[in-house]
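Have the model open while you read, and click on the residues as they come up.

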Amino acid sequence: MSEQNWPVALIVIVVLTLVATAGVALVLFLRLLRTRRLLREAGVPVENKLAFWGALIYVISPVDLLPDPVYLDDIGVLLLALRSLRTAKLRSDGTDRASSAAAAPPERR
């Protein structure tokens, strides 16, 4: 590469990186909106929703327990929030099954 073209190449690389980052951010934002809608429709208890949103805020925030190159704390917080949501789903499925089984009339033979 000639000495005159390297600033142009650097600018092109920076612009492509910014466009790719904006694309990824847009996809993540759309997934976040979809997750918000699903949480609202699923009837998940408030404390489980708060655990999910708190974990998301923790991942985005610049304050971390461990420095950013090490994402173990972020992954751990997200896994705990997802486990909380899964537990809420299993509880709701279990209570729905138990209440529907109790309300169903006995089978005739």
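1. First, a reminder that this is a predicted model. Let's begin with the second largest pocket: sorted by class, its lining has 7 nonpolar, 3 polar and 1 charged residues. The elements that give two or more residues to that lining are α1 and α3.

2. Who are these residues? The lining of the second largest pocket consists of Thr35, Leu38, Leu39, Ala42, Gly43, Val44, Pro45, Leu85, Ala88, Lys89 and Ser92.

3. Glycine 43 follows α1, and its phi is positive, near 70°.

4. Now for the largest pocket, which has a volume of about 390 Å³. Here α1 (6-42), α2 (46-60) and α3 (72-103) are the elements giving two or more residues to the lining. Which element supplies the largest share of this lining? That's α1, with 5 residues.

5. You can pick out the lining of the largest pocket one by one: Leu28, Phe29, Arg31, Leu32, Thr35, Phe52, Leu56, Val59, Ile60, Leu78 and Leu82. By class, that makes 9 nonpolar, 1 polar and 1 charged residues.

6. How far does α1 reach from its first C-alpha to its last? The helix has 37 residues and spans 53 Å, close to the 54 Å expected at 1.5 Å a residue.

7. Finally, look at the surface. Trp6, Leu10, Val14 and Leu18 make up a nonpolar patch there, and together they have about 430 Å² of accessible area. Tryptophan 6 belongs to helix α1. A handy rule for reading such a pattern: an α-helix has 3.6 residues a turn, so residues three or four places apart point the same way.

Methods:
Residues are numbered from 1 along each chain as its sequence is written. This is a predicted model: local features need pLDDT of at least 70, side-chain atom pairs count only at pLDDT 80 or more; totals for chains, interfaces and linings use all residues. Side-chain values use heavy atoms; hydrogens and water are left out. On a 1 Å grid over the protein atoms alone, a cavity is a set of points where a 1.4 Å probe fits but cannot get out, and a pocket is an open set with protein on both sides within 12 Å along at least five of seven lines; lining residues have an atom within 4 Å of a point. Grid points are joined across faces, edges and corners, and a volume is the space filled by probe spheres set on the points. Helices (H or I, at least four residues) and strands (E, at least two) are DSSP runs, numbered from the N terminus. Ala, Val, Leu, Ile, Met, Phe, Trp, Tyr, Cys and Pro count as nonpolar, Asp, Glu, Lys and Arg as charged, and the others, Gly among them, as polar. Patches are made of residues with over 30% relative accessible area and no salt bridge: like charges are joined within 9 Å, nonpolar side chains (Val, Leu, Ile, Met, Phe, Trp, Tyr) within 5 Å. Accessible areas come from the Shrake-Rupley method with a 1.4 Å probe; for residues, only the protein chains shown count as cover. A salt bridge is a side-chain nitrogen of Lys or Arg within 4 Å of a carboxyl oxygen of Asp or Glu. The expected span of a helix is 1.5 Å times one less than its number of residues.
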